[in-house]
Amino acid sequence: MPTFPFLQVDVFSSEPMRGNPLAVVVGADVLTDEQMQAFANWTNLSETTFLLKPTDPRAHYRARIFTPKQELPFAGHPTLGSCHVWLSQTGQPPDGDIIQECGAGLVHIRRNGRQLAFAAPPLQRSGPVDPALVDRIARGLGVPIAGIKDANWLDNGPDWIGILLSSRADVLAIRPDYSALAGFRVGVIGRFDPGTDGDDAEFEVRAFSNRGTEDPVTGSLNAGFAQWLIGSGIAPESYVAAQGTALGRAGRVQVQRDGDDIWIGGDVVTCIRGTVDL
């Protein structure tokens, strides 16, 4: 049974155990799809990634991303966490962008001090959500349909549906009915009130998976929200989103538009180092 380097990291937080955990297996080229899926099911984290040699000569490494149930072509916090681990394993980090190969193609990642940020991939599906589905989501979130200011598809690999509410308080008040939301990935965002919510972030985000769980901090969803809300003039070109508050976490996602690209970034810290036999 081969042994692999193994790390567990916390993404979108500078403080361990306050962000979103990710398990990473290094040098996993010999593992089968079934072995990867079985290990991701065993870790029972929202995602587990496996680092492999790239198949595209432009990439520095390849990442395969698994939930406990399926492989994803792209996900945000696994991208930053995988890059953090890859940098810890390489003796010669590149001067410029780090390029990750994944199911969605090539993703550019850059370093800004201690933080990492990825360039948001293009949305595969965007635009308005069918009113009947919005009504179902409103029931699932326990909010009046009049409380939903707008809804948009935000599919960048994970097929998120984005819901805009009026305020952070409205977002934090949600008590989801997962039976009503079954089969859909729903993200909700609302603006901070500086007078009552403080000024360390501009928006509060929550993410409800299609598995009946709430995700602590979600890079792919925040990327979709940024593309939608910056593009429509609702959000400024640079802002901070808070996520995980309802779960006792303190995730902070840095959003920055730079030319045609939107960069999604944050801190990553290593919590566990060791090996795993697979």
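Hi everyone, let me start with the second largest pocket, which holds about 170 Å³ of space. Keep in mind that this is a predicted model.

So who sits around that space? Sixteen residues line the second largest pocket, and those nearest its centre are Asn-112, Gln-115, Ala-117, Gln-254 and Gln-256. If you follow the strands on your screen, β7 (105–112), β8 (115–119), β15 (238–243), β16 (251–258) and β17 (261–266) each give two or more residues to this lining. Which of them gives the most? That would be β17, with 4 residues.

Now please turn to the largest pocket. Here we have about 420 Å³ of space. Its lining counts 28 residues, and the ones closest to the centre are Ser-46, Glu-47, Arg-211, Thr-213 and Asp-215.

Where does this lining come from? At least two residues each are supplied by the strands β2 (20–25) and β14 (214–215), and by the helices α2 (76–89) and α7 (219–231). The top contributor is α2, which provides 3 residues. By class, 13 of the lining residues are polar, 8 are nonpolar and 7 are charged.

Definitions and conventions. Residues numbered from 1 in each chain as written. Predicted model: local features only at pLDDT ≥ 70, side-chain atom pairs only at ≥ 80, totals over all residues. Heavy atoms only, no water. 1 Å grid on protein atoms, 1.4 Å probe; cavity = no way out; pocket = protein on both sides within 12 Å on 5 of 7 lines; lining within 4 Å. Points joined across faces, edges and corners; volume = space filled by probe spheres on them. Nonpolar A, V, L, I, M, F, W, Y, C, P; charged D, E, K, R; others polar.
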